[in-house]
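Dear colleague,

I am handing over the structure below, together with some notes on what turned up in it. Please read the notes with the model open beside them.

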Amino acid sequence: MLFAAYKIIKINFEYRQSNNSYLDLRNYIESSQISESNEDESVEDVITENLSMDFPSVNFQALRDINSDIVGWIIFEGSAINYPIVQGEDNSYYLKHLFTGEYSVAGCLFLDCNNAMDFSDRNSVVYGHHMRDETMFTSIADYKKQDYYDSHPQAILLTPTKNYRIELFAGFVANVNDDAWKTEFESDVEFWDWLKDLQKRSCFTSTVVPLLSDRIVTFSTCSYEFENARFVLYGVVR
């Protein structure tokens, strides 16, 4: 009982440490006009309204002074997802380390180590934990429901060189042995077939249709339908 109590206290401490750390980092974002989506608005209204908004300004130089692995910042409007993205030398370190370097079960959102750091690949994969306190990538799993997608159809990706709208078009539960995280394609045909398969498997229906010329961002987090399940969410980079 004492050991169990210790573990609970330790986990809760790490959760608080993580939350405070990432809340502090949000001080490096200026002029953010992100707001909760109105559930009465159509997808087209939300996209039109958001396209007219100014992008938040991120002080990447100051963030780079804290951690040189910074490659971007992701915001899912109307959700808790408002975090820096890093890229490590492998896909293990940031599973258990915060942006600031402290050890924590919350980890950090990170770009696959095999991807180009400027999100220029045909598919760039960003990983994040599904946390019990609803932080990190937990709300990604909400895209299993059509109504959630309808009110949250896009995200914002801010990078040191460019800012992007991410128009979400598919999401589903996958096994870790699936090709859902594919980053290299031998031909246009292979890429096209992969895109079509994503749309067929999606939990929600979207009017966004990816093209061969598009770049894709995949957001990945744990899911619990079966052993080694993951929920993967896909968006077109605009």
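Rings of Phe, Tyr and Trp (for Trp, the six-membered ring) are taken to pair if their centres lie within 6.5 Å, and a pair counts as stacked with planes under 30 degrees apart, as edge-to-face over 60 and as tilted for the rest. On that basis the structure holds 15 aromatic pairs. One of them, between Tyr-143 and Phe-204, is tilted, at 6.2 Å centre to centre and 55° between the planes. Because Tyr-143 lies in the loop between strand E6 (123-127) and helix H4 (146-151), and Phe-204 in the loop between helix H5 (188-201) and strand E9 (216-222), this pair ties together parts that are 61 residues apart in sequence. Helices (H or I, at least four residues) and strands (E, at least two) are DSSP runs, numbered from the N terminus.

This is a predicted model, in which local features need pLDDT of at least 70 and side-chain atom pairs count only at pLDDT 80 or more, whereas totals for chains, interfaces and linings use all residues. Residues are numbered from 1 along each chain as its sequence is written, and side-chain values use heavy atoms, with hydrogens and water left out.

Tyr-143 and Phe-204 are both buried, where buried means under 20% relative accessible area, exposed over 50% and partly exposed in between (1.4 Å probe, protein chains only). Both belong to one aromatic cluster, which also includes Phe-76, Phe-137, Tyr-148, Tyr-149 and Phe-219.

Leaving aside residues up to four places away in sequence, Tyr-234 touches, among others, Leu-168, Phe-172, Trp-194 and Val-217, a contact being heavy atoms within 4.5 Å.

Glu-77, found in the loop between strand E3 (70-75) and strand E4 (82-86), has 5% relative accessibility and therefore counts as buried. The side chains of Glu-77 and Arg-165 are joined by a polar contact of 3.4 Å, that is, a pair of N or O atoms within 3.5 Å, of which, within protein, one must be able to donate a hydrogen and the other to accept it, with residues adjacent in sequence counting only if both atoms are side-chain atoms.

Overall, the protein has five helices and ten strands, and 48% of its 238 residues count as buried.
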